[in-house]
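Open the model in your viewer and keep the sequence panel beside it. We will go from the whole chain to a few selections, one stop at a time.

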Amino acid sequence: LKLRSAEFIISSTDVSKCPDTDKPEFAVVGRSNVGKSSLINMVTNRKSLAMTSKKPGKTQTINHFLINDDWYLVDLPGYGYAAAPGKARSAWNEFTKDYFLNRKQLVTVLLLIDASIAPQEIDLECAEWLGENQVPVSLVFTKCDKRKKTKAGGKHPTENIADFESMLKETWDELPPKILTSSVTGTGRHELLSHLSQLRSF
Ligand code: GTP
Ligand code: MG
């Protein structure tokens with residue numbers, strides 16, 4: 001799959017305002033700060049197509065990016081960030097649940113997992129919810145370039161990934177496909193693009 005063009009189309013505050021189109025789309029989902037917007041920039045080879053930030057909570061709307069005039073990458077708000085996690089979680093749910101369940105064009109959710117840290121309960125919960133609701137998922141591990149600098153219990157990304165998968169195995173018969181990426185080094189770009197093209201058979 002060759003990337004010829006990438007353009008920002010629209011920011012929407014709910015699913016009814018998303019582009020009215022038959023073109024297939026892939027949603028980029030994950031915790032705040034996991035690297036969703038960075039991944040979109042890495043995949044499209046554009047420095048600031050999607051807005052990124054060191055501070056979590058940057059993306060607050062559903063953002064459609066049209067690729068090759070043919071399909072969409074969709075940047076979503078992150079979950080799991082707020083002083084009151086419960087409240088933030090339900091706001092996230094309300095906002096995006098509707099999108100996951102009612103967006104006909106959605107081919108697969110790319111669930112981003114930070115490979116530089118230990119498995120997070122909220123990520124496992126998100127995977128469970130998507131699985132229970134029969135939303136197709138692929139796991140995209142981010143920040144594979146990163147290593148904990150201190151020896152204080154920090155594990156290598158490959159170990160964190162293995163831990164995450166073994167926790168998921170407790171409830172999933174078959175693990176979803178996985179791709180290892182880094183938006184800093186560009187690792188996994190080609191693999192991700194060919195994975196997407198296989199999913200929708202471009
Ligand atoms: P929200 O929009 O707040 O939900 O966050 P997001 O998931 O879109 O994260 P974003 O792409 O804004 O990145 C958050 C931070 O992580 C930024 O400081 C990025 O530079 C950093 N980051 C993202 N991807 C990588 C990566 O692959 N490796 C490293 N080392 N840092 C990354
Ligand atoms: Mg973002």
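Colour the chain by pLDDT, the predictor's confidence in each residue from 0 to 100: the average is 88, and 89% of the residues score at least 70. For the complex, the predictor gives an ipTM of 0.98 and a pTM of 0.92.

This is a predicted model, in which local features need pLDDT of at least 70 and side-chain atom pairs count only at pLDDT 80 or more, while totals for chains, interfaces and linings use all residues. Residues are numbered from 1 along each chain as its sequence is written, and chains are lettered from A and ligands numbered from 1 in the order in which they are written.

Now switch to cartoon view. Along the sequence they follow β-β-α-β-β-α-β-α-β-α-β-α. Of the 202 residues, 33% count as buried; that takes 20 or more other C-beta atoms within 10 Å of the residue's own, whereas exposed means 12 or fewer and partly exposed lies in between, with C-beta atoms placed from the backbone.

Next, select residues 36–44, helix α1. Eight of its nine residues are buried, among them Leu 39, Ile 40 and Met 42. Show what surrounds them: the buried residues of α1 pack against β2 (25–30), β3 (62–67), β4 (71–75), β5, β6 (137–142) and α5 (189–200). Just past the helix, Asn 45 has a positive phi of about 60°.

Move on to Ala 50, in the loop between α1 and β3. Is Ala 50 buried or exposed? It counts as buried because it has 23 C-beta neighbours inside 10 Å. Leaving out residues up to four places away in sequence, Ala 50 touches Ser 37, Ile 40, Asn 41, Asn 63 and Asp 75; a contact means C-beta atoms, placed from the backbone, within 7 Å.

Last stop: select 157–168, helix α4. Its buried residues are Pro 157, Asn 160 and Phe 164. They cover an arc of only 60° around the axis, so they sit on the same side of α4; the arc is that of the directions from the helix axis to the C-beta atoms. Part of their cover is β5 (106–114). Turn to the face away from the buried side to find the exposed Thr 158, Glu 159 and Ser 166.

Note on methods. Helices (H or I, at least four residues) and strands (E, at least two) are DSSP runs, numbered from the N terminus. Two residues are in contact if their C-beta atoms, placed from the backbone, lie within 7 Å.
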